[in-house]
Amino acid sequence: MSSAAYSPGAPTIPADDDVSGAAQPRLTEISTFELFLRRRLKTVEEIWESVLEKECGADLVRLLNRLRRMCAPDGQADKALDTHNVLSVIEQLSLEDAIRMARAFALYFQLINIVEQHYEQRGQRQQYQAAGDSVLLTQAGLSSQAEASAGKGTNGNGTTEPLLAELTAKGLSEGTRAYRNAGTLYWLFPLLKQLNMPPQLVQQLVDQLDIRLVFTAHPTEIVRHTIRDKQRRISDILRGLDQAEDSARGLGVATSWEMEELQEQLNEEICLWWRTDELHQFKPTVLDEVDFTLHYFDVVLFDAIPQLYQRLKRALGQTFPSLRPPRPNFCRFGSWVGSDRDGNPSVTPQVTWKTACYQRNLVLDKYVASIRKLSSLLSPSLHWSEVLPELLESLEQDHLELPSVYERYAIRYRQEPYRLKLAYIEQRLINTHARSQKLYNGDVLTEEEAAATASNLYASGDDFLAELRLIQQSLDETGLGCNELGNLITQVEIYGFCLALLDIRQESSRHSDTINEIAEYLQVLDRPYNELSESEKVEWLVSELKTRRPLIPSELPFSDKARETVQTFQMIRKLHQEFGSAICHSYIISMSHHASDLLEVLLLAKEAGLYDPATGWGALDVVPLFETVEDLQRSTAVMRQLFELPLYLAMLKGGYEPKETAQTPLQEVMLGYSDSNKDSGFLSSNWEIHKAQHALQATADDFDVALRIF
């Protein structure tokens, strides 16, 4: 039976027991990678069949295989079977058998996807390793040629400089080609050098690197942690099986006890998976969705992004050693999960607040684990290593602020200052976590905890970072290094105490309806706000944005929707006070149509203390989302109208008063493809987005505004 024939994307090659006749491809035409993949697919399929035969019986397995053959791709289906009768076969199944069949096929395709993804990654790793080996071999060969030529006096004057230049160019070409095939940063920078890109321009591009990866909310796609853990364990077993097979092959044997044990583990995992519910038996909440998203930070991203920074830094240094590396937080994360309230009434101000606290708790847990690992590494003693006086002075201050830690560790670490310092740091992190958990639970804080500046915890990630840098400085100046400490510092610079920035999103009519209620309650307009023309709306909104007079009363005698909208802005102000403005500075307005849609949000932000009319300073970036074709076509005129408003342009610049370190004002714009695609079709939608991007960039250039398109 062909394993690859039934999996999407798998190579269309026969299994070992299907090779027959001249029509089959010759063995030499099949790559080693394909053979390896096919064998692993066959192994997983056999285990899948054995599990189903044990759980459901042989008859159901035979029926499954029959349906697989009937549904095989064109040219691979069994000609003896009538492929048009698939539906009739399914209709004859009992409800119980139909459910089992559906679960069996779902499990099958998930297993196949795990195998394919695993071996795609395996192939990439092998390709990358081969590229590195190719470069090393090329360099070694060039060195040998240069030495031989030097001994022969090739250039006739006793020097080998022209030859070395030629060989170096050849080595660069060979290495670039090898790394290009692997698709890595080690290919990119040599290519830029070959293209004679000025180092100053490369430095400018590196300095401007600002990547933000955003998790969006899709509650219907939630998969249980239990299932994801099983998928990960199966992938780990496959990796172990690879290593065991390589070891056995090196010993010249076909199998080993390690291979047999791993295959048993694989069988157990698949059997347990079959007996596990795929979905929760309850409706997931928004916080369940938050937990689902943060799972990726916990198991993958927290460690992966610092590795990306180190690779970029090394690749840049190998080709352009004089250039500065990018800032460590050139790649950061944003999230709509728990903060995107457009069309989701379950996302309340309280849920967004809990999301921020939940994110902080997770990252604090990661930091505590890292500090404990560092404590096991940083064991230098005062008997054998010097320490900066500043570090010793900080220990004296720590003694006064955290006497309980001193009593617990002073004797044990009396000659190990780094470990003692890390003990103080760990306790502050634990105290910070306890305070954050109280805020998450809605508990009342003590006066000391509410101040968030107490000496026994960290008010922000910057305070934590300062202590780590003090340790790093002491190590550096006394001739020591610690990669783990460097990675932790990079992680703190990337994630801080926020982990991911929260983007608030709401539909435009929610703001206009809220302002309509407020204006009607206060009787400040001669007719309802929603009945004003666009020009009248802009004129009135600008006049309100120029005054510090409050518009919204302390009591909110409005509808539930209007009250929730006002409370959302109040919650954002509270987030800024607790976490700093970095936690949430983008407010996205879906279905943006006119300039008034953005000014309405700015007015509501002013009422919450997020915009100051006197200074022109704003703590919230107002981001329009143009979605329909009409809105895309109108987007340039809308942004031009806003840029022409002095108060709006001043807000982008950080206020009316010029600053010595002022940066180019930044405007973020979102262009949607979903609604425009429904509106006019795929091709027309993408063409309109393409035109809008160019027109918006030209408009931003006219006002010296930097544009970020999402």
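Tutor: Let us begin with a definition: helices (H or I, at least four residues) and strands (E, at least two) are DSSP runs, numbered from the N terminus. The protein has 25 helices and nine strands. The model is predicted, so local features need pLDDT of at least 70 and side-chain atom pairs count only at pLDDT 80 or more, whereas totals for chains, interfaces and linings use all residues. Residues are numbered from 1 along each chain as its sequence is written, and side-chain values use heavy atoms, with hydrogens and water left out.

Student: Where is Glu264 found, and is this residue buried or exposed?

Tutor: Buried means under 20% relative accessible area, exposed over 50%, and partly exposed in between (1.4 Å probe, protein chains only). Glu264 lies in helix 9, residues 257-274. Its relative accessible area is 52%, so Glu264 is exposed.

Student: How many salt bridges does the structure hold?

Tutor: A salt bridge is a side-chain nitrogen of Lys or Arg within 4 Å of a carboxyl oxygen of Asp or Glu. The structure holds 42 of them. One of these pairs Glu536 with Arg527, whose closest N and O atoms are 2.5 Å apart. Glu536 is partly exposed, at 30% relative accessible area, and Arg527 is likewise partly exposed at 30%. In another, Glu607 pairs with Lys606 at 3.3 Å between the closest N and O atoms; Lys606 counts as buried, at 8% relative accessibility.

Student: What separates Asp631 and Arg634 within helix 22?

Tutor: The two residues are three apart in helix 22 (residues 629-643), so about one helical turn separates them. Asp631 counts as buried at 1% relative accessibility, whereas Arg634 is partly exposed at 27%. Elsewhere, salt bridges that share partners join Asp210, Arg327, Arg332, Glu668 and Arg708 into one network.

Student: Which residues are in contact with Glu245, leaving aside its neighbours within four places in sequence?

Tutor: Contact means heavy atoms within 4.5 Å. With those neighbours left aside, Glu245 is in contact with Phe36, Arg39, Arg40 and Met259. Glu245 belongs to helix 8, residues 225-251, and counts as buried at 9% relative accessibility.

Student: What separation do the C-alpha atoms of Val538 and Leu599 have?

Tutor: Those C-alpha atoms are 7.4 Å apart, although the residues are 61 apart along the chain. Val538 is in helix 19 (residues 534-545) and is buried, with a relative accessible area of 8%. Beyond its neighbours within four places in sequence, Val538 contacts Ala595, Ser596, Leu599 and Gln641.

Student: What share of the 710 residues in the protein is buried?

Tutor: Buried residues make up 47% of the 710. Among contacts between residues at least 6 apart in sequence, 77% join residues at least 24 apart.
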